[in-house]
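User: I am new to this structure. Could you show me how to read it?

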Amino acid sequence: MKRLLTVHAHPDDESSKGAATTARYADEGAEVVLVTCTGGEAGDVLNPSCDPVPPERMTEVRRVELEAAAAVIGFARVHQLGYIDSGWTEDLATVPLGTFWHVPIDEAAARLARIVREERPQVVMTYPEDGGYPHPDHIRTHDVTVAALALAEDPDADLGDDAGDPWHVAKVYASAAFPAERLTALHEAIVAAGQESPFERWLEDRPERFQDEPPPDARIHCADWFDRRDAALTSHVTQIDPEGFWFKIPRDIEAEVYPYESYRILRSDVPVDGVEGDLFAGLDLIALEGSGGWPQGARRDAAS
């Protein structure tokens, strides 16, 4: 069985980053599993039509929202690492003590590595090194995931007697929610249709961000699952305004000009030639199961 493990920072990230891809793989018979690192405790109520939520109830409310969204997408299982949301700040010196950002990477990685050994995915999806945007929990999620994958495949790692056999993940991807090619294609098509583009200020304020950006390593065609993505998003009632930014993109235009979700490769055991259309591409070239994990000879790190 194909198995995809996604590692996210907060409840709602699983719906805003890769949800249509994950729903497609679930419908096609793959087993998809979610790990969420924090409970989203620091989140505010962002939906103006939603009733206020007392801070002491935010963790519970967001857990219920997560369960609803995961069911919509089709996750087989949801694991929550249980760390405290660090809150949004670009000044890492101000991140509150006791939150996920301050948890030693090895500690969180060991917890995640046990899940990797239990679930035994061939493919893992997480965030790029910079988090995709500079939220401390997104940056830490990347670092913890990379460390966890190393521990999961290390036969000498001390993960406890019941941690299971070592497991090596063959392909690791980072989600690219807003690659330059997507923003540009959507913006130009929306303007051409005589409508107001939600990306106009992005392109005006941060032109250097979108200049000379290479194409993604993978584009997954998933327009037929955009409705599922949207339904998962709106399951996060406190966080998502159904009249807000996420829904300013006309879905017919999106399906026509950019019917994809895109990814960068962090690591692959199989050769990658051009832009992939399947996160499992090439894995039929090597055994999908094995007592010792995966062969190392073909391994390619993104940095090499």
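This is a predicted model: local features need pLDDT of at least 70, side-chain atom pairs count only at pLDDT 80 or more; totals for chains, interfaces and linings use all residues.

User: What span should helix 6 have?

Analyst: Helices (H or I, at least four residues) and strands (E, at least two) are DSSP runs, numbered from the N terminus. The expected span of a helix is 1.5 Å times one less than its number of residues. Helix 6 (residues 180-192) has 13 residues and should span 18 Å; its end C-alpha atoms are 18 Å apart, which agrees.

User: Which residues of helix 6 are buried?

Analyst: Buried means under 20% relative accessible area, exposed over 50%, partly exposed in between (1.4 Å probe, protein chains only). The buried ones in helix 6 are Ala180, Arg182, Leu183, Leu186, His187, Ala189 and Ile190. Their cover includes helix 7 (200-205), helix 8 (226-235) and helix 9 (251-257).

User: What is Arg182 in contact with?

Analyst: Contact means heavy atoms within 4.5 Å. Leaving aside neighbours within four places in sequence, Arg182 contacts Ala177, Arg229, Ile249, Glu254 and Tyr258. Arg182 has a relative accessible area of 9%.

User: How many residues has the largest nonpolar core?

Analyst: Such a core is a set of buried Ala, Val, Leu, Ile, Met, Phe, Trp, Tyr and Cys residues joined through side-chain atoms within 4.5 Å. The largest has 31 residues. Helix 2 gives the most to this core, with 5 residues.

Definitions and conventions:
Residues are numbered from 1 along each chain as its sequence is written. Side-chain values use heavy atoms; hydrogens and water are left out.
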